Amino acid sequence: MHIIQYLPKDSLKGYIKGGEQYVKLLVGERSWRVKLVHYKNRSSCFFSANWPAFARENDLKEGDACWFQLLNSSDDIVMNVTISREGH
C-alpha cells in the first residue's frame, strides 16, 4: 500500500497553499482528514498523513482510480472522491 499519493498540481492551482494543509475527502457518508503537501518548485503535490487509512478503509488496490471533485475551497478544501475499481 502506498504511504503517499501524488496528484497533478495544475488541477488544484489557485486552491492550494504552499507547504502543507489538510483536505477533507468524502466517500459516501464517510470522511477523512488527509494532509496535502505542496512545494512550489515541484510539478505535483501529494497526500501524506492519513492517506494510508483512507486507502485501507476504501480497500484501494493497484489499478483502482480515484476521481476528486472539488466541493469547497474556502478555508479547508473539501473533495468528493469517486473510486473506479479495475478488475475486481
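Guide: Two residues are in contact when they have heavy atoms within 4.5 Å. This is a predicted model, in which local features need pLDDT of at least 70, side-chain atom pairs count only at pLDDT 80 or more, and totals for chains, interfaces and linings use all residues. Residues are numbered from 1 along each chain as its sequence is written, and side-chain values use heavy atoms, with hydrogens and water left out.

Visitor: Of the contacts with a separation of 6 or more, what part comes from residues 24 or more positions apart?

Guide: They account for 49% of those contacts in the protein.

Visitor: How many helices and strands does the protein have?

Guide: One helix and six strands. Both are DSSP runs numbered from the N terminus: helices are H or I with at least four residues, strands E with at least two. Read from the N terminus, the order is β-β-β-β-α-β-β.

Visitor: Why is Gln 21 called buried?

Guide: Buried means under 20% relative accessible area, exposed over 50%, and partly exposed in between, with a 1.4 Å probe and protein chains only. Gln 21 has 8%, so it counts as buried. Gln 21 belongs to strand 2. Leaving aside neighbours within four places in sequence, Gln 21 is in contact with Tyr 15, Ile 16, Val 34, Lys 35, Leu 36 and Ile 77. Across the 88 residues of the protein, 34% count as buried.

Visitor: Which residues touch the most other members of the largest nonpolar core?

Guide: First, the term: a nonpolar core is a set of buried Ala, Val, Leu, Ile, Met, Phe, Trp, Tyr and Cys residues joined through side-chain atoms within 4.5 Å. The largest one has 18 residues, and Val 23, Leu 25, Leu 36, Phe 47, Trp 51 and Phe 54 touch the most other members. At least two residues each come from strand 2 (19-27), strand 3 (30-38), strand 4 (44-47), helix 1 (51-57) and strand 6 (77-84). Strand 6 gives the largest share, four residues.

Visitor: What does Val 23 touch, not counting residues up to four places away in sequence?

Guide: Trp 32, Arg 33, Val 34, Leu 36, Phe 47, Ile 77 and Met 79.

Visitor: What makes Trp 51 buried?

Guide: Its relative accessible area is 3%, so Trp 51 falls in the buried class. Trp 51 sits in helix 1.

Visitor: How many aromatic pairs does a search of the whole structure find?

Guide: Four. The pair of Trp 32 and Phe 54 is edge-to-face, at 5.0 Å centre to centre and 85 degrees between the planes. Trp 32 is in strand 3 and Phe 54 in helix 1, 22 residues apart, so this pair links distant parts of the chain.

Visitor: What makes the pair of Phe 47 and Phe 68 tilted?

Guide: Rings of Phe, Tyr and Trp (its six-membered ring) pair if their centres lie within 6.5 Å; planes under 30 degrees apart are stacked, over 60 edge-to-face, the rest tilted. For Phe 47 and Phe 68 the centres are 5.6 Å apart and the planes meet at 55 degrees, so the pair is tilted. This pair also links distant parts of the chain: Phe 47 in strand 4 and Phe 68 in strand 5, 21 residues apart. Phe 47 is buried at 0% relative accessible area, whereas Phe 68 is partly exposed at 28%.

Visitor: Which residues form one aromatic cluster?

Guide: Trp 32, Phe 47, Trp 51, Phe 54 and Phe 68. Trp 32 has a relative accessible area of 8%, so it is buried. Phe 54 has 0%, so it is buried too.

Visitor: How do you know that Arg 33 lies over the face of Tyr 22?

Guide: A charge sits over a ring if NZ of Lys or CZ of Arg is within 6 Å of the ring centre and within 35 degrees of the ring normal. Arg 33 is 3.9 Å from the ring centre of Tyr 22 and lies over its face.

Visitor: In which sense do strand 5 and strand 6 pair?

Guide: Antiparallel, over seven bridges. Two strands pair if DSSP finds at least two bridges between them. A hairpin of four residues joins strand 5 to strand 6. Leu 70 stands opposite Met 79 in strand 6.

Visitor: What is phi of Asn 50 near?

Guide: Near 80 degrees, positive in a residue other than glycine. Most residues other than glycine have a negative phi. Asn 50 is in the loop between strand 4 and helix 1. Its relative accessibility is 40%, so Asn 50 counts as partly exposed.
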